[in-house]
Amino acid sequence: MNGASLFAGAVLMLSGPLSILMGASGIAQDTLFSASSPYEYRFDLTTWGVIHLVVGVALVIAGLGVLTKQSWGRGAGATMAGISLITQFMFVPYYPAWAIPVMTLDLVIVFALTRFHVGTSGGH
C-alpha cells in the first residue's frame with residue numbers, strides 16, 4: 001500500500017465516525033444545526049441525521065476496505081468520499097464550519113484513491 005492510500009484509509013476512518021456523531025446529533029434534534037434561510041435541499045434534522053449516519057457507516061466500511069487492501073476498497077472509498085462530498089455541499093447552510101472542511105477532506109480522499117499508479121518492473 002502506498003502512502004496516499006494509507007492516508008486516504010486513515011482519513012476515511014476519521015471522517016466516518018465523525019459523520020456518525022453528526023448523524024446522532026441530527027437525529028437527537030440537537031440545537032447545533034440551523035439553516036438561516038430556506039434553500040433547495042432543506043430537510044428536517046432527523047432526515048439529515050439519518051443521511052449522515054448512513055454515509056458515516058459506509059465511510060468506515062470503505063476505510064476498512066482500503067486499509068486491509070481489499071480489491072473493492074479503493075473504489076468504495078472514492079465513491080463514498082464523493083457521496084459524502086455531495087451531502088456535505090447540501091449541508092453547508094446548516095453548519096458551514098463543519099461542511100466546508102469535510103468537503104476538502106473528501107476531495108483529498110478522492111484524489112488519493114483515484115491517482116494512476118505506474119508500476120516499476122525492477123529492470124530497465
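Buried means under 20% relative accessible area, and exposed means over 50%. Keep both cut-offs at hand for the exercises below. The model is predicted.

**Exercise 1. How many helices and how many strands are in the protein, and in what order do the elements run?**

Solution. 
Step 1. Count the elements: the protein has four helices and zero strands.
Step 2. Read from the N terminus: the order is α-α-α-α.
Step 3. Helix H1 spans 3-27, helix H3 73-91 and helix H4 96-114. Helix H2 covers residues 45-67.

**Exercise 2. What share of the residues is buried, and what share of the accessible surface belongs to carbon and sulfur atoms?**

Solution. 
Step 1. The protein has 124 residues, and 37% of them are buried.
Step 2. Its accessible surface is about 6900 Å². Carbon and sulfur atoms hold 71% of that area.
Step 3. Turn to contacts with a separation of 6 or more: 68% of them join residues 24 or more positions apart.

**Exercise 3. Describe the largest nonpolar core, then find the other core.**

Solution. 
Step 1. The largest nonpolar core has 14 residues. Ala8, Leu12, Leu59, Met80, Ile109 and Leu113 have the most contacts inside it.
Step 2. H1, H2, H3 and H4 each give at least two residues.
Step 3. Zoom in on alanine 8. Leaving out residues up to four places away in sequence, alanine 8 touches Ile109, Ala112 and Leu113.

**Exercise 4. Which residues do ring pairs link into a cluster, and are tryptophan 48 and tyrosine 94 buried or exposed?**

Solution. 
Step 1. The count of aromatic pairs is three.
Step 2. Take tryptophan 48 and tyrosine 94. Their rings sit 5.9 Å centre to centre, with 65° between the planes. Planes over 60 degrees apart count as edge-to-face, so this pair is edge-to-face.
Step 3. Locate the partners. Tryptophan 48 is in helix H2, and tyrosine 94 is in the loop between H3 and H4. They are 46 residues apart, so the pair links distant parts of the chain.
Step 4. Take phenylalanine 91 and tyrosine 94. This pair is stacked, at 5.4 Å centre to centre and 15° between the planes.
Step 5. Join the pairs: Trp48, Phe91 and Tyr94 form a cluster.
Step 6. Check burial. Tryptophan 48 and tyrosine 94 are buried. Phenylalanine 91 is buried too.

**Exercise 5. Which residues form the nonpolar patch on the surface, and which helix gives the most to it?**

Solution. 
Step 1. The patch consists of Ile27, Val50, Leu53, Val54, Val57, Ile61 and Trp72. Together they have about 570 Å² of accessible area.
Step 2. Helix H2 gives the most, with five residues.
Step 3. Valine 54 lies in helix H2. It counts as exposed because its relative accessible area is 53%.
Step 4. Look across the chain. The C-alpha atoms of valine 54 and glycine 16 are 9.4 Å apart. Along the chain, these two residues are separated by 38 residues.

**Exercise 6. Where is lysine 69, and what is its phi?**

Solution. 
Step 1. Lysine 69 sits in the loop between H2 and H3.
Step 2. Its phi is near 60°, a positive value in a residue other than glycine.
Step 3. Most residues other than glycine have a negative phi.
Step 4. Lysine 69 is exposed, because its relative accessible area is 60%.

Terms used
Residues are numbered from 1 along each chain as its sequence is written. This is a predicted model: local features need pLDDT of at least 70, side-chain atom pairs count only at pLDDT 80 or more; totals for chains, interfaces and linings use all residues. Side-chain values use heavy atoms; hydrogens and water are left out. Patches are made of residues with over 30% relative accessible area and no salt bridge: like charges are joined within 9 Å, nonpolar side chains (Val, Leu, Ile, Met, Phe, Trp, Tyr) within 5 Å. Accessible areas come from the Shrake-Rupley method with a 1.4 Å probe; for residues, only the protein chains shown count as cover. A salt bridge is a side-chain nitrogen of Lys or Arg within 4 Å of a carboxyl oxygen of Asp or Glu. A nonpolar core is a set of buried Ala, Val, Leu, Ile, Met, Phe, Trp, Tyr and Cys residues joined through side-chain atoms within 4.5 Å. Buried means under 20% relative accessible area, exposed over 50%, partly exposed in between (1.4 Å probe, protein chains only). Contact means heavy atoms within 4.5 Å. Rings of Phe, Tyr and Trp (its six-membered ring) pair if their centres lie within 6.5 Å; planes under 30 degrees apart count as stacked, over 60 as edge-to-face and the rest as tilted.
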